[in-house]
Amino acid sequence: MTPAPARAPRAGRCALALLLMAATVGWIGEGSTSAAAPAQLISAAPDGTPLGSADYLSSVSGDGNIVVFTAVPPFSAVFVGNVQVAVRDRAAGTTTTVPAPFLVDRTTNGVVSRDGCRVAFWGYFVGFNIGIFSIPARWSIYTWNRCTPAVAPTFVSNAAGILPLSTDPVGGLAISADGCYVAFTASNPSLGSRIAASQRCM
């Protein structure tokens, strides 16, 4: 009777299986991309140094290039003034703020559309009074098309007029992929919460 062929030791068979699996999924060989990309500081000046501000409420475009966040004083030399929505272009290495609309002294809670072009944000309109004509102070929502920087931010909504004080807590914003729709939440102790959506593009 012919003897059965000798089998490789169990440890050797396991090692061979691991090598085959590694080669299949790309653990070894020229195409290996196992190393993770290093983290990048977003709240930074154009030269890469930290802004020196307290930053929060980040929003990122679909390709990861445009990051929008709120920067709170104290600022570096890049930002001077009140709370502002900042826009970081990672590819260009630039950090800017959204243009403040007329009679708006602070901006906050910015969100960016998936294409990275439109930014929606809250702005505090300080109001004015000229004789019998007046517009009260209030938090309002604006959108800005950063891909057409010559165009000023556009008024979207005054949050149903229920946030008249700079200290009123503004709610979150959501923007559609194309930037044409903005949804928001606002609340007032006497009126309760409001959720609304506004159409920006026609």
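Is Asp-105 buried, partly exposed or exposed? Asp-105 is partly exposed, at 34% relative accessibility. Here buried means under 20% relative accessible area, exposed over 50%, and partly exposed in between, with a 1.4 Å probe and protein chains only.

The model is predicted: local features need pLDDT of at least 70, side-chain atom pairs count only at pLDDT 80 or more, and totals for chains, interfaces and linings use all residues. Residues are numbered from 1 along each chain as its sequence is written, and side-chain values use heavy atoms, with hydrogens and water left out.

The chain holds one helix and 13 strands. Helices (H or I, at least four residues) and strands (E, at least two) are DSSP runs, numbered from the N terminus. Along the sequence, the pattern reads α-β-β-β-β-β-β-β-β-β-β-β-β-β. The chain has 202 residues, and 37% of them count as buried. Its accessible surface is about 11800 Å², with 62% belonging to carbon and sulfur atoms. These areas come from the Shrake-Rupley method with a 1.4 Å probe; for residues, only the protein chains shown count as cover. Of the contacts with a separation of 6 or more, 41% involve residues 24 or more positions apart. A contact means heavy atoms within 4.5 Å.

Four strands build an open sheet in the order S1-S2-S3-S4, with antiparallel pairing. Strands S1 (54–60) and S4 (94–97) stand at the edges with a single partner strand each, so one side of each lacks a neighbour in the sheet. From one strand to the next, the twist averages 25°. Angles run from 0 to 180 degrees between N-to-C directions, and axes are lines fitted to C-alpha atoms, for helices over the stretch in contact. Two strands count as paired if DSSP finds at least two bridges between them. Strand S3 (residues 84–89) and S4 pair over four bridges in the antiparallel sense. Ala-86 has Thr-97, in S4, as its bridge partner.

Two salt bridges are present. The criterion is a side-chain nitrogen of Lys or Arg within 4 Å of a carboxyl oxygen of Asp or Glu. Side chains of opposite charge can pair when their charged atoms come close. Arg-146 and Asp-89 form a salt bridge at 3.6 Å, N to O. This pair links distant parts of the chain, 57 residues apart: Arg-146 lies in the loop between strand S9 (138–145) and strand S10 (154–157), and Asp-89 lies in strand S3. Asp-89 is buried, at 14% relative accessible area. Arg-106 meets Asp-105 in a salt bridge, with the closest N and O atoms 3.0 Å apart.

One disulfide is found, defined as a pair of cysteine sulfur atoms within 2.5 Å. It joins Cys-117 and Cys-147, with sulfur atoms 2.0 Å apart. The torsion about the S-S bond is about -85°, so the disulfide is left-handed. This pair also links distant parts of the chain, 30 residues apart. Cys-117 sits in the loop between strand S5 (104–112) and strand S6 (118–125), and Cys-147 in the loop between S9 and S10. Cys-117 is buried at 17% relative accessible area, whereas Cys-147 is partly exposed at 42%.

Backbone angles follow. Most residues other than glycine have a negative phi, and most peptide bonds are trans. Leu-103 is not a glycine, yet has a positive phi of about 65°. Leu-103 lies in the loop between S4 and S5 and is partly exposed, at 27% relative accessibility. Asn-109 also is not a glycine and has a positive phi, of about 55°. Asn-109 belongs to strand S5 and is buried, at 11% relative accessibility.
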